[in-house]
Structure formats: C-alpha cells, structure tokens
Amino acid sequence: MAASPHTLSSRLLTGWVGGCVWYLEGRAMQESPREFMHLFRSVRKQWMTFQHFTFLRRMYVTQLNRSLNQQVKRKPEPTASPFLERSSLAQAKAETCAMRPLPPPHLPLSRKPNDKELLELESASVIEGSLDVGRETKDEKQWKEMKLHLDDLPGVLARLSKIKLTALVVSTTSAGFALAPGPFDLPCFLLTFVGTGLASCAANSINQFFEVPFDSNMNRTKNRPLVRGQISPLLAVSFATCCAVPGVALLTWGVNPLTGALGVFNIFLYTCCYTPLKKISIANTWVGAVVGAIPPVMGWTAATGSLDAGAFLLGGILYSWQFPHFNALSWGLREDYSRGGYCMMSVTHPALCRRVALRHCLALIGLSAAAPVLDVTTWTFPAISLPINLYISYLGFRFYVDADRKSSRKLFFCSLWHLPLFLLLMLTCKRPPGATCAGGEPRG
Amino acid sequence: MAALRPCRRALVSPLCRAFSGPGCRLAPERAGERRDTAPSRVSGFCPPRKSCHDWIGPPDKHSNLRPVHFYVPENESPLEQKLRKLRQETQEWNQQFWANQNLTFCREKEEFIRSRLKAKGLELRTGSGQKATLDAEEMADFYREFLSKNFQKHMCYNRDWYKRNFAITFFMGKVALERVWNKLRPKQRKTST
C-alpha cells in the first residue's frame with residue numbers, strides 16, 4: 001500500500017472514474033448488450049468489482065484511442081466476452097488467462113473492493129499504467145484470428161473482386177451490346193452480362209493476389225481482404241478460377257467464341273501484362289487503357305458476332321477516356337507510387353502525363369463526331385455531347401496548365417460522371433434500324 | 001489447466017527478433033508467463049490456447065505489413081511444416097524489405113527538403129514554428145529521383161516476391177489436398193475392415 005502523496009489526485013480520479021463508469025455503462029450497453037446484462041446482474045450484488053472496473057477502463061481507453069486515431073473500424077467480435085480479456089495487473093491477468101474458456105457468468109469475482117481506499121489506490125495505480133497497458137491491450141485487440149466466417153465471405157469476395165469496378169466494366173459491356181445494330185436479344189444479353197462480370201471478378205482477384213505487399217503500403221488499397229488476412233491466397237486464386245472458368249465458358253459457348261476469346265485475352269492482359277508492367281515501365285497505362293477498352297467491344301461482338309467499325313469506335317472511346325481518368329487520379333498518388341516502386345507517368349514524366357490526358361479529352365470530341373460517320377449514332381449525338389466533351393476538355397486543359405492537386409481532382413471526378421452520361425447520350429441517339437448515313441445502303 | 005500448445009520457440013524467436021524494433025514494449029512478466037507459447041511480437045501478443053488458426057496483427061509501423069502469428073498444430077506434417085517455414089521466412093523477408101524501403105524514403109525525403117530549403121535560404125521551420133514544406137512540384141523531383149534510384153532493387157524484389165507468392169500458394173494447395181486425403185483415408189480403412 002503506497003503512501004499517498006497523490007491521495008488528493010486519487011480522490012479526484014475516483015470522482016472522475018465514477019463519472020466515467022456511469023458514462024461507459026451507457027456506452028457498453030449499446031455495444032455489447034448481452035455481455036453487459038450478465039455484468040449488470042452481478043454488479044447489482046456488489047457495486048464495483050475489479051473485473052467490472054477493468055472492463056470499463058479498457059472500454060474507455062479503446063474509445064479514447066479510437067476517437068484520437070483514424071483507424072479502420074473493427075467489427076465487434078460476437079463470441080469474445082470482455083471479461084475474458086487480460087487485465088494489466090499480473091494477478092488478475094493470471095486468473096482471467098486461466099479462466100479464458102469459461103463463460104462470463106461463472107467467473108469468480110475475487111476482487112471485491114468494498115473498502116473505498118483500496119478502490120482509490122487501485123484506480124490511481126491502474127490509471128497511471130492504463131495508457132501503457134491500453135496501448136498494449138489495443139494492440140492485442142487488433143490481432144484477428146485468420147478464420148473465415150461464412151457470413152463474412154460475400155463481403156470479402158465482393159471486395160476481392162472489386163465489385164464496384166466490375167459493375168462499371170459490365171455497364172460498359174452492356175452499353176456496347178445495346179449500341180450494336182440488330183434486335184435486342186435478352187438471353188444473349190444476360191449471358192454476356194454474367195460472363196463479363198465473372199471474367200472481371202477473376203481478373204481483379206488475381207490482381208489483388210499479386211499485389212499484397214504493395215497494397216499494404218498505399219493508403220488507397222490498404223484495406224483489401226488479402227492485405228487484412230480475411231482470406232487466404234489459395235482461396236483467392238480458387239475464387240478467381242471459379243469465376244474465370246464459368247465466365248469464359250459462358251461467353252464462348254453461350255454467346256460466341258469471339259467474345260470468349262476477347263474475355264480470355266482481357267484477363268491475360270490485365271493480370272499478366274498490366275499488373276507486372278506497373279513496376280517496369282510507364283507503358284502500363286497504355287496497356288491498361290486497352291484493358292478498359294475491351295469490355296464494350298465484347299458487348300458489341302456478343303450482339304453482332306463480328307469486330308466491325310462500331311466495335312472499334314466504342315473501344316476507342318473507352319480507351320481515350322482512361323487517360324484523363326487515370327492520369328488525374330495518379331497525380332495525387334505520386335508519393336505512394338514513388339515509395340512503392342510503381343512506374344507511372346505522373347512520377348517519371350509529369351508533363352507527358354498532363355499532355356496525354358488533355359490530348360485524349362480532345363480525342364473524345366473527335367470520336368463523338370466519328371460515331372454518326374460509322375452509322376453507330378445519328379448526328380444529334382456529337383451535338384448534344386459537345387457540352388460535356390468541352391467541359392472535360394476544359395478541365396483537362398486546366399490540369400495541363402495548373403498541374404496541381406485541385407485541378408487533378410476536378411478532372412478525375414468529372415471523368416466519373418462524364419462516361420456514363422456520354423454512353424447514355426450515345427444510346428439515346430442510336431442509329432435506328434434501316435436508316436443510314438450519307439452514301440450507305442439501307443440495312444436489312 | 002489448459003493443455004499447453006507445443007512451442008517451436010527456436011522458429012518463433014527469429015520472428016520475434018524480426019518484429020522487435022525501436023518501438024519495442026516488452027512486458028517481462030508476459031514473456032515469463034508465456035514461455036510455453038512464445039509471442040510473435042514483442043508487444044506480448046499470444047493467441048488464446050483454444051485457437052487453432054493463424055492470427056494476424058495490426059500493420060507494422062515501419063513496413064505497413066501485418067504480421068502473422070502462425071499456428072503450429074500438434075501433428076504437423078512435413079509438408080505443413082515446410083509451408084509454415086516458407087511463410088515465416090517470406091514474412092521476415094518482406095518485413096525487412098519494406099521497413100528498410102519506407103525508412104529510407106522518409107530519411108531521403110527529409111534530406112531533400114532540408115537541402116532544397118537551404119538552397120532557397122529558408123529555415124527548416126517557419127515563423128509560426130511549423131515545419132516548412134516544399135510544394136508538390138518540387139517534391140516531384142524527389143519522387144522521380146527516388147523511383148529511378150530504386151528501380152533495380154524493385155525489379156529484384158518483384159521477381160522474388162512473385163516466386164515466393166506462387167510457391168506459398170502452391171504449397172497451400174498441396175497441404176489442403178493432403179488434409180482432404182487424410183480425412184478420407186481413415187474412412188476408407190473403416191469401410192474396408
């Protein structure tokens with residue numbers, strides 16, 4: 001029992017602790033009601049038990065740390081009881097460690113500090129060491145068992161397959177399918193939709209499989225499932241295979257072999273060319289642009305069975321769009337790219353990066369004018385798409401001149417709404433069947 | 001009271017050493033009590049005794065990689081041991097590379113900022129006491145230089161990483177098949193007798 005030069009402070013602490021206890025009981029109630037009800041019933045008998053106090057202290061420390069630090073939000077562990085966690089003092093720790101397998105109601109409440117002094121001293125010594133222990137406890141709490149729970153699996157697989165990007169890819173494929181001439185074949189469309197979606201999931205999963213240590217080191221990608229250990233590499237590869245095989249099979253035998261071949265080629269291009277090339281040369285951006293251009297071409301070939309001019313136009317539009325989109329995004333990631341060893345234009349050739357982005361914004365205007373020439377759309381299309389094309393070109397120009405984070409972000413966010421709107425306008429101006437442009441035979 | 005987990009201390013201690021760093025907070029009483037299951041991090045983490053899975057921790061502050069505490073089963077087969085050793089060794093290798101890479105980056109960045117500010121004739125701290133920084137365009141020179149300087153190092157790392165990643169996944173597949181086979185085999189023996 002230490003002499004108390006700090007008796008006053010410990011009394012103040014007791015009062016403060018009492019207030020904290022009251023506050024934390026309310027918070028704990030919200031977060032773990034079942035455990036808390038067990039606790040509350042036992043606490044009714046003895047006002048404050050040591051374990052109760054330790055639990056609440058830990059809650060306070062974790063809450064404090066959570067509010068101070070930007071951390072990834074932890075999922076609550078449904079089976080772990082707060083009583084079963086180790087406390088700072090060796091004795092209580094030995095007890096709780098030994099009793100780890102026992103459920104909370106059976107824990108003997110050995111420490112019953114009915115004596116107020118004992119409580120004060122405990123609170124003082126515990127709080128003094130609490131920050132240190134809090135840090136260790138916080139560290140311990142951040143350790144997760146690498147056990148795959150089936151109810152987590154859909155979410156994990158969705159993140160592994162970059163489901164939002166896949167949705168965007170599939171929507172460009174659908175646009176390609178819809179813009180192709182000929183009657184709309186719903187079964188064929190659905191097969192193309194599913195097949196392309198599966199192929200995209202497979203490619204994205206393999207990409208993440210290759211990039212684990214790099215993803216860990218970049219802010220944008222550090223919460224991916226393989227980085228966090230939510231899924232094993234074997235399972236990721238198995239999932240990719242289970243998506244790629246049926247996806248390509250659907251496209252090859254359900255749609256047509258050309259679309260299937262394009263699907264396989266695209267998976268190969270993305271996983272075996274683009275992903276490794278990112279560390280080797282800035283040419284990766286051009287390869288990546290081709291990867292983005294192929295899905296609408298696949299949609300077109302699924303509908304028509306052939307690679308004609310319209311398919312190349314759509315591919316060209318998506319190809320050009322990739323540059324303002326990616327170059328603007330990469331402008332703000334230069335530090336992460338440099339540290340991670342990624343060869344990107346924004347790091348190695350910044351002027352080229354901005355020049356290429358502007359060039360392709362202007363190319364979009366040219367491509368929209370080529371659409372009616374190739375009988376894909378009417379002449380209304382270049383006219384009504386001119387405002388958005390001019391706007392993105394203006395932002396591209398601003399990015400080229402200003403070369404700052406603000407202009408890059410504006411260009412990036414513009415590209416996000418520009419593409420869906422552009423494709424929608426194309427759809428509304430689709431060349432009706434039987435009509436042609438000047439000099440062409442009417443289509444049958 | 002609980003059954004003691006077999007401890008492969010000889011294998012785990014290099015891992016402990018790999019993860020100990022300037023921020024080491026070893027709690028002596030923890031290490032003493034947990035001698036039977038050696039902690040994978042010097043912060044004293046030990047998984048619960050009943051757990052038979054690996055455990056993954058928070059990102060390391062230097063390498064940003066998450067350390068894994070590998071579970072050692074009692075009846076570990078030679079193949080499982082080979083896989084575990086490969087994973088442990090890859091983890092240490094990765095940890096070393098990225099910790100070194102990130103620390104070098106930070107150090108060289110500081111030096112760059114210092115030298116540029118000096119060239120400009122500015123102080124390291126502004127009048128208000130805040131750290132003076134360079135703008136993105138000036139930093140771009142550093143990023144380009146750093147990337148080209150480390151290009152060869154990254155090429156070697158990437159080649160090794162791809163090899164290791166494929167090897168680990170391949171062995172994981174073999175181990176999974178072995179486990180499935182072992183589960184089926186006793187049943188076969190039972191049906192045959």
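Reader: Which way do strand 1 and strand 2 of chain B run, and how many bridges join them?

Author: This is a predicted model. In it, strand 1 of chain B, residues 55–56, is joined to strand 2 of chain B by two bridges, and the two run antiparallel. Facing residues show the pairing: Trp55(B) is placed opposite His69(B), a residue of strand 2 of chain B.

Reader: Which strand of chain A pairs with strand 1 of chain B?

Author: Strand 1 of chain A does, over two bridges and in the antiparallel sense. Here Trp55(B) has Glu145(A) opposite.

Reader: What is the strand order in the sheet?

Author: The order is 1(A)-1(B)-2(B), an open sheet of three strands with antiparallel pairing.

Reader: How is the size of an interface given?

Author: Often as the accessible area that is lost when the parts come together. Between chain A and chain B the buried area is about 4800 Å², and carbon and sulfur atoms give 60% of that. Counted by residues, the contact takes 49 from chain A and 57 from chain B.

Reader: How many salt bridges cross the interface of chain A and chain B?

Author: The rule finds one. It links the side chains of Glu335(A) and Lys109(B), with an N to O distance of 3.0 Å.

Reader: Which element gives the largest share of the side of chain A that touches chain B?

Author: Helix 15 of chain A, residues 334–340, gives six residues. By class, that side of chain A holds 24 nonpolar, 15 charged and 10 polar residues.

Reader: Which residues of chain A does UniProt list under "transmembrane region"?

Author: The UniProt entry, which is unreviewed, lists 190–210, 231–252, 258–277, 284–303, 309–331, 352–373 and 379–399 of chain A. Such a listing can be set beside the model.

Reader: What share of residues 231–252 of chain A is helix?

Author: That span is 91% helix and 0% strand, and its end C-alpha atoms lie 30 Å apart. For residues 309–331 of chain A the end C-alpha atoms lie 34 Å apart, and the span is 100% helix and 0% strand.

Key:
Residues are numbered from 1 along each chain as its sequence is written. Chains are lettered from A and ligands numbered from 1 in the order in which they are written. This is a predicted model: local features need pLDDT of at least 70, side-chain atom pairs count only at pLDDT 80 or more; totals for chains, interfaces and linings use all residues. Side-chain values use heavy atoms; hydrogens and water are left out. Two strands pair if DSSP finds at least two bridges between them. Helices (H or I, at least four residues) and strands (E, at least two) are DSSP runs, numbered from the N terminus. UniProt positions are given in the numbering used here, feature names are shortened, and annotations may be inferred rather than shown by experiment. Contact means heavy atoms within 4.5 Å. Buried area is the accessible area (1.4 Å probe) that two parts lose on being put together, summed over both. A salt bridge is a side-chain nitrogen of Lys or Arg within 4 Å of a carboxyl oxygen of Asp or Glu. Ala, Val, Leu, Ile, Met, Phe, Trp, Tyr, Cys and Pro count as nonpolar, Asp, Glu, Lys and Arg as charged, and the others, Gly among them, as polar.
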